[in-house]
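Thanks for asking me to take a look. Here are my notes, point by point.

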Amino acid sequence: GTLAWQRPGDWRPEHRLQKNGCWLATVPRQEKAPHGTGDLFAALLLGHLLNQVPLPATLRQAAASVSDLAARAGALNLDELPLTAAQGALVHPSTKVTLTPLGTGTEGQWVAGVDDCPEGWLVVMIDLAGRKPSRYRLCKTFAEVLALEECPSVIAVDVPIGLPEIAARGGRPCDTAARALLGSRRSTVLTPPARAALAEDDFHQACEVNLKNSVPPRKVSKHTFGIFPRIREVNEAVAPQNQGRIFECQPEVGFWAMNGKKPVPVAKRVKNVPHGEGLAFRRSLLAANGFEVRFIASFDMPRAKAGQEDFLDACACAWTAARIAKGEALRVPADPGRDARGLRMEIWG
């Protein structure tokens, strides 16, 4: 069986989704269709969209849930959907759904991966529909990222989103969960500061404030303090209502997923210097996971603006953004908490 859905216009302007996005969802054929599948499908679409699930992922999850319940009804020879008995399938469906982009429009259906770099923000964009080649941009501010002409529907950025009022040992639950996956690469996951410390522009003052707002008391690292302006930019731009477009990711978690859910065996930096073997390994992972070798080799910005490791990290973030959009990405933890502003504290890969 097949299900197709096209969104005709921008009913949520902050998402700025592409108007020509059209997807075909293919699910196993059922011999008998119980009553109520159309109503359930429409309700699930609306519910997932209100829960800030990206458009293709919404279609995938709704189609999978309807298929699960239809199969259960068929096995029990029921004319109605077993909504109560099989309600777990509404949240965690098991049917495998194939998504195929449709349409012949000239616009792409873009998602973006964003990594901070010396000059600002390096952005790599992927066309989910596959009609346009991947591309990269350098933006001075995060506001420029949000205003890109490609209007990416999902933006995955390597910066903490959602900050604790009281910083705990090891950071937020999502930080400790990501480190548990990464093994020898766990040091790439930074520990974000307490929210009050982020307001400080002086390193020693930031340390003093963080000491008063952490259990056990701890200072902030110089590396973390160095990206305070970047963390501020993103957290000022993100609100609970647009967390369906802007997601926190971690490049090494993306590379972990590309590498068969195993930590990458070599670092991309050694003693703060780019490590050729580590960069080459990550290029090979990107090439094996959909990036054209020609695109990977095309990056030629001066290191003073953005380095090779920034570019590869942005590519990994873009790969994660595509997985988020299609409902294939890993989120840690599975049920994230929220900060005092209502922002989900989660890491995607």
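1. Is E150 buried or exposed? With a relative accessibility of 4%, E150 counts as buried (buried is under 20% relative accessible area, exposed over 50%, partly exposed in between, with a 1.4 Å probe and protein chains only).

2. A word on the source: this is a predicted model, where local features need pLDDT of at least 70, side-chain atom pairs count only at pLDDT 80 or more, and totals for chains, interfaces and linings use all residues. Numbering runs from 1 along each chain as its sequence is written, and side-chain values use heavy atoms, leaving out hydrogens and water.

3. Back to E150, whose salt bridge partner is R135, with the closest N and O atoms 2.9 Å apart (a salt bridge is a side-chain nitrogen of Lys or Arg within 4 Å of a carboxyl oxygen of Asp or Glu). E150 lies in the loop between helix 4 (142–146) and strand 7 (154–157), and R135 in strand 6, 15 residues away. R135 is partly exposed at 23%.

4. Across the whole structure, a search finds 18 salt bridges. Shared partners join E252, K268, R282 and D313 into one network.

5. Finally, the overall picture: buried residues make up 52% of the 349 residues.

Key. Helices (H or I, at least four residues) and strands (E, at least two) are DSSP runs, numbered from the N terminus.
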